[in-house]
Amino acid sequence: MWIIRYAFAAAIIIAILGFTIGNSYQRVVINIGAKTYPDVPLILALFIAFCVGIVFWFAMTVVLYFRQSAKIAEQKKKIKILSEELTALRNMPLDEPDDKIGEKV
């Protein structure tokens, strides 16, 4: 399985390098709001977009991680309360009404 993973990673790296070399002469104009950046290398624009995507992904992952941690903590508290309640119910003495002690069922 590791061979497939490494082969896939190598193919991705080769494709990225080929794309980079093939488009190394390309220049683009970037408009961000009111700012305009003329004559920016395409590779730099793609790299910056990739980095922004990674930062956004990381921020979303951190937010989701803390939400899940909070849910897990809440569920653990609920399980503890229910477990204590179940233990209390199991330890309750069994009481039968006095009028049914002598009767046959």
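Analyst: What follows takes each label and sets it against its definition. This is a predicted model, where local features need pLDDT of at least 70, side-chain atom pairs count only at pLDDT 80 or more, and totals for chains, interfaces and linings use all residues. Residues are numbered from 1 along each chain as its sequence is written, and side-chain values use heavy atoms, with hydrogens and water left out.

User: What makes R27 and D39 a salt bridge?

Analyst: The term needs a side-chain nitrogen of Lys or Arg within 4 Å of a carboxyl oxygen of Asp or Glu. The closest N and O atoms of R27 and D39 are 3.9 Å apart. So the pair qualifies. R27 is in strand β1 (residues 27–32) and D39 in strand β2 (residues 35–41), 12 residues apart. Strands are DSSP runs of E, at least two residues, and helices are runs of H or I, at least four, numbered from the N terminus. The whole structure has 1 salt bridge.

User: Why is D39 called exposed, but R27 partly exposed?

Analyst: Exposed means over 50% relative accessible area, buried under 20%, and partly exposed in between (1.4 Å probe, protein chains only). D39 has 52%, so D39 is exposed. R27 has 48%, so R27 is partly exposed.

User: Which residues line the largest pocket?

Analyst: The lining is I16, F19, T20, I43, L46, F47 and F50. A pocket is an open set of points on a 1 Å grid where a 1.4 Å probe fits, with protein on both sides within 12 Å along at least five of seven lines; lining residues have an atom within 4 Å of a point. Helices α1 (2–22) and α2 (42–90) each give two or more residues. The largest share, 4 residues, comes from α2. The volume is about 180 Å³, the space filled by probe spheres set on the points.

User: How many residues of that lining are nonpolar, polar or charged?

Analyst: There are 6 nonpolar, 1 polar and no charged residues. Phe, Ile and Leu are among those that count as nonpolar.
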